[in-house]
Amino acid sequence: MRYLPHTDTDRKAMLDAIGVASIDDLFTDVPEAARLDGLIDLPTKQGELQVERALSAMASRNIAASQAPFFVGAGAYKHHIPSTVDHLIQRSEFLTAYTPYQPEISQGTLQTLFEFQTQVALLTGMDVANASMYDGSTACAEAVMMAARVTRRNKAVMAGSVHPHYVEASQTLAKYSDVSISVTDAAPADLDAVIAEIDDTTACVVIQTPDIFGRLHDLREVSRIAHEKGALVIAVFTEAVSLGLVEAPGNMGADIAVGEGQSIGVGLNFGGPYVGLFACKNDRRFIRQMPGRLAGETIDADGRRGYVLTLSTREQHIRRDKATSNICTNAGLCSLAWTIHMTLLGEKGLTTLARLNHETACELADALGSIPGVEVVNDSFFNEFTLLLPKNADQVVNELAHVGVLGGVPASRLYPGRFENYLIVAATETNTPEDIAVFAKALAGVL
Amino acid sequence: MTTRYTEDHEWITVDGDIATVGITAYAAGQLGDVVFVELPEVGKSLSKGDEFAVVESVKAASEVYAPVDGEITAINDALEGEPAKVNEDATGEGWFVKIKLADASQLDGLMDEAAYTAHTA
Amino acid sequence: MGMNTQGRPTRMAGNIAPDNLATGGYADTISGSRGLDQAEALIFERGAMDRCGVDLPEPKGLKTRLGGQERKGEIGLPGLAEPETMRHYVRLSRKNYAIDLGLYPLGSCTMKHNPRLNEKVARMPGFADVHPLQPASTVQGAYQLMGELSHWLMTLTNMPAVALSPKAGAHGEFCGMMAIRARLDADGESNRRRVLVPESAHGTNPATAVQCGFTVDEIPADKTGRVDMEAFKAKLGDDVAGIMLTNPNTCGLFERDIREIADLIHEAGGYFYCDGANFNAIVGRVRPGDLGVDAMHINLHKTFSTPHGGGGPGSGPTVLSEALAPYAPVPYVVENSKGGWELVEHMDHAEGDPFGRMAAFHGQMGMFTRALTYMMSHGSDGLKQVAEDAVLNANYIQARLSHVMTAAFEGTCMHEALFDDRFLKDTGVTTLDFAKAMIDEGYHPMTMYFPLVVHGAMLIEPTETESMSGLDRFIDVLEALATAAKEGDTDRFLAAPVHAPTKRLDETRAARQPVLRWTAPTDTVEAAE
């Protein structure tokens with residue numbers, strides 16, 4: 001088998017060196033009843049050609065984003081990723097390297113993590129960021145638990161317009177803890193309901209901006225009120241590119257910023273792997289309660305600058321049952337892709353990209369909003385907004401798919417039984433005027 | 001002033017009804033470079049044997065246990081910026097907390113210096 | 001000469017020559033680079049805010065609809081053109097050890113070869129360029145792949161259900177323990193909150209148990225390195241929720257009493273969680289379902305070769321028994337009556353009683369494609385050979401080194417060999433020093449100081465993708481190092497590594513004075529010497 005170097009001669013020689021007659025002699029601890037007669041009932045080995053064919057057939061049963069006018073968002077976004085990114089992450093030394101526990105031979109990974117942490121902190125307007133979490137939703141969940149530990153309070157208030165998957169992931173992580181999460185109604189465009197729930201038992205408020213419907217929120221007022229009561233403000237984002245044009249959470253009073261980094265460097269990948277971003281202020285209570293890995297700067301025995309994983313005593317491998325989280329991995333290669341893309345973009349590139357996204361969305365809003373019966377619900381948006389249709393949005397999306405348009409996400413998919421005529425649509429720099437025209441025509445056609 | 005020791009390597013020095021507590025130089029040596037000490041809040045009540053602090057080195061975190069019952073009256077804030085004091089002067093500037101004793105007789109059950117030295121031999 | 005490590009502030013796009021050591025280079029050359037080992041400063045020191053490696057059209061300058069939320073100040077991000085970006089990361093990559101470079105004997109990490117066919121398949125547009133929330137009719141192939149992967153995982157383990165959504169091994173542990181907690185609560189067993197965990201367990205086990213509202217009760221190991229059965233039995237009671245066992249365990253040994261453990265835990269009213277980190281030792285030969293397991297996470301990035309990528313991403317699908325299957329989290333795929341696939345993503349649409357959703361969307365699809373590619377390439381016969389060669393390789397190392405290093409336990413091992421530091425007694429060389437000397441020999445060290453049940457642990461897992469000649473070279477080097485230590489050649493160990501891009505790094509300093517990011521200097525005046 002192409003990945004197994006041993007020949008039968010090798011195996012025999014090795015068994016001899018060990019001093020056993022057959023490989024079965026090394027499995028004698030397996031209970032008799034669990035020993036199998038022969039092979040497990042699955043296909044036997046195949047060459048590259050056969051495997052590639054079978055999986056290619058499966059892949060071709062899907063419609064890829066590049067094959068149709070594509071306007072699907074709601075937490076994952078199609079952006080163009082420069083060729084350099086995918087080339088670099090496939091280098092052996094990045095792809096097949098392990099966690100940098102031996103820093104002397106992992107400076108490549110460690111320095112890129114240090115750069116990543118810095119970029120995330122700058123982007124979110126925060127002081128410090130970790131080396132990434134699994135994704136935005138679990139980063140959000142971990143932020144809620146961190147706020148509870150830091151404030152020693154156990155009430156969390158989440159705005160209903162936070163991505164429902166993020167709300168659910170947070171509820172799951174908190175389920176058997178002392179933390180109780182209350183979720184306000186998703187419909188209102190203001191934060192009044194969140195503010196109304198803040199008292200001195202509140203550990204944190206969690207607000208997404210741009211929210212699930214694409215609406216932008218100013219966090220200044222709610223931050224002022226929350227801080228007066230000793231509660232933390234957790235800002236959530238699902239579209240990292242928005243921070244190239246929209247005010248950063250750290251500049252609006254947020255204590256912790258969490259979100260999804262997928263838009264930068266990481267493709268759609270049907271939902272994963274993605275890259276969770278986690279950043280916070282340099283409050284002395286925070287750093288030791290932050291979950292996840294941290295790369296830190298230091299010097300070696302010759303005085304040379306280098307990087308190591310640090311503050312590891314927060315983590316499971318040392319603190320075990322008292323760890324801040326059980327997390328053991330970070331997003332690794334995805335965080336590398338993110339930092340490479342961000343380096344290629346730089347300030348100029350990111351701010352331009354963000355503006356292009358917003359302008360494309362404005363043009364899309366104009367085109368769709370002018371269809372009779374279609375209303376753009378948002379007063380504000382970045383690159384995603386919500387339409388109120390005269391018809392069931394789920395049905396509309398299926399009909400659009402039939403004519404070869406991937407036209408957004410019906411809000412009812414995320415809020416079962418509610419918002420049935422609302423359609424969430426996203427536009428990015430990858431959408432052309434032709435795409436928009438096709439979408440508008442098709443939408444008009446199915447209504 | 002009397003100083004006593006626990007089997008878990010805490011020292012306690014008593015002056016009237018206030019006791020100062022820390023970890024011994026032996027313990028600090030075993031831990032390696034101390035990078036952080038997590039201290040409790042002033043006013044907290046402790047029972048003998050309660051975990052009241054955590055000492056962190058780069059690769060380990062060790063709990064510190066209350067040698068007696070009492071209430072925390074002061075904590076050594078200086079350790080936050082200079083945890084190295086625990087390594088440099090474990091029984092002096094590396095102190096952790098001051099406790100108002102609830103029951104001075106509890107000290108009788110602890111080791112004196114000779115017994116502790118034998119314990120760590 | 002005093003070493004000015006506080007030295008000159010490094011500025012973005014600076015035109016002063018940086019102090020070599022302050023930017024990670026070598027002091028003994030002019031440039032700071034040494035031959036092919038290129039020094040490489042931070043992007044913040046090399047880039048500039050107006051440099052860019054992408055070409056984008058000019059925005060039109062349309063009136064914005066941001067509701068007054070436009071960003072006011074600068075972000076402060078540096079950029080680099082494409083050639084410089086390429087150089088930056090290529091230079092950094094060369095400071096990394098990698099599987100493609102050499103043997104990575106990390107115990108319980110399963111550092112096997114990462115096949116490149118996996119990468120090709122993962123990048124097929126039909127997998128890489130599809131959105132999780134596209135309508136079902138446009139992603140039937142993606143659901144089908146999830147179904148196919150589920151089938152392989154359930155069949156390999158002989159378990160009736162699998163949750164694909166956990167994003168990593170530790171996340172899978174959380175999934176399994178949440179299912180156990182949900183089941184106990186559903187049965188009204190609210191007093192069952194104590195979870196038994198061997199002392200040798202990986203740190204994620206107790207951390208996860210606590211996240212699910214349990215307390216942890218440690219079981220000691222016996223002198224063979226396995227669960228002490230007497231101690232285990234004594235800890236059973238009607239407040240026991242279950243046990244978390246790794247099998248083979250973290251000492252590399254198969255728990256021979258595992259069926260008895262499973263039966264006793266079940267009789268006591270608890271459930272059996274198995275940490276699947278060491279599945280590579282038994283895949284294709286033993287099915288955890290046959291051992292009485294109720295839940296087991298599988299690390300696709302270990303047993304099934306998805307790349308380690310410098311620390312992630314992982315993927316931790318969790319197989320579940322009949323007792324726990326109803327509590328599996330959403331979402332999951334099911335075949336419908338028309339021969340197509342559907343995604344069940346809402347709690348109330350599920351047949352059973354899911355404990356909740358683990359994360360956004362449906363799981364680590366990019367790892368599913370890679371893992372399935374690997375499974376289909378090996379087949380059931382190839383996978384059985386994987387386990388056999390993995391166990392063969394570890395035993396070969398143990399047998400050939402036991403005369404000069406000290407194996408922690410008697411007898412043969414499974415896929416990893418555990419040594420302790422008794423052979424270094426009185427040499428002045430610690431496990432850490434030994435590991436650093438391996439770096440100078442061109443090897444990544446083995447897992448050190450884990451498991452905790454053995455002093456100065458050295459856990460070696462070669463995996464099945466190491467050739468015999470590769471193993472022989474490795475064994476020869478370790479034998480020579482062990483002999484050198486015993487013969488008093490301490491300098492080689494205490495100074496090590498000297499051939500790596502850096503010498504030993506000051507981790508105390510990094511923890512006492514954390515510097516977790518680059519910060520722009522507040523002015524460009526140079527600090528006084």
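Colleague: How many Å separate the centres of domain 1 of chain A and domain 2 of chain A?

Modeller: This is a predicted model: local features need pLDDT of at least 70, side-chain atom pairs count only at pLDDT 80 or more, and totals for chains, interfaces and linings use all residues. Residues are numbered from 1 along each chain as its sequence is written, while chains are lettered from A and ligands numbered from 1 in the order in which they are written. Domain 1 of chain A takes in 67–81 + 347–446 and domain 2 takes in 83–340, with bounds that come from an automatic or database domain assignment. Taken over C-alpha atoms, the distance between the two centres is 27 Å.

Colleague: Which element gives the most to the side of domain 1 of chain A that touches domain 2 of chain A?

Modeller: Each of the two domains puts 27 residues into the contact, where two residues are in contact if their C-beta atoms, placed from the backbone, lie within 7 Å. On the side of domain 1, α11 (333–369) and β11 (384–388) of chain A each supply at least two residues; helices (H or I, at least four residues) and strands (E, at least two) are DSSP runs numbered from the N terminus. With seven residues, the element that gives the most is α11(A).

Colleague: How many nonpolar residues does that side of domain 1 of chain A have?

Modeller: In the classes used, Ala, Val, Leu, Ile, Met, Phe, Trp, Tyr, Cys and Pro count as nonpolar, Asp, Glu, Lys and Arg as charged, and the others, Gly among them, as polar. The side of domain 1 of chain A that touches domain 2 of chain A has nine polar and four charged residues, and its nonpolar residues number 14.

Colleague: Which element gives the most to the side of chain A that touches chain C?

Modeller: This contact joins 166 residues of chain A to 177 residues of chain C. The chain A side divides into 82 nonpolar, 54 polar and 30 charged residues. With 20 residues, the element that gives the most to the chain A side is α11(A).

Colleague: What is the handedness of the crossing of α6(C) and α7(C)?

Modeller: Helix α6 (residues 169–186) and helix α7 (residues 204–211) of chain C pack at about 45°, with axes 9 Å apart, and that makes α6(C) oblique to α7(C). From α6(C), C:A170, C:E173, C:F174 and C:M177 meet C:T204, C:N205, C:T208, C:A209 and C:Q211 of α7(C). These residues divide into four nonpolar, four polar and one charged. The crossing is right-handed.

Colleague: Which residue in β13(A) stands opposite A:V409?

Modeller: An open sheet with antiparallel pairing has the order β10-β11-β13-β12 in chain A, where two strands pair if DSSP finds at least two bridges between them. The edge strands, each pairing on one side only, are β10 (375–376) and β12 (409–410). Two bridges join β12(A) to β13 (residues 422–426). In β13(A), the residue opposite A:V409 is A:I424.

Colleague: Which residue of chain C has a positive phi although it is not a glycine?

Modeller: The residue's place is in the loop between β11 (417–420) and α11 (431–440) of chain C. Its phi is about 65°, and the residue is C:D426.

Colleague: Where is the place of C:P313?

Modeller: The peptide bond from C:G312 to C:P313 is cis, with omega near -5°. C:P313 is in the loop between β6 (295–297) and β7 (318–320) of chain C.

Notes:
Axes fitted to C-alpha atoms, helices over the stretch in contact; angles between N-to-C directions. Parallel < 35°, antiparallel > 145°, perpendicular 65-115°, else oblique. Left-handed = near helix turned anticlockwise from the far one by under 90°.
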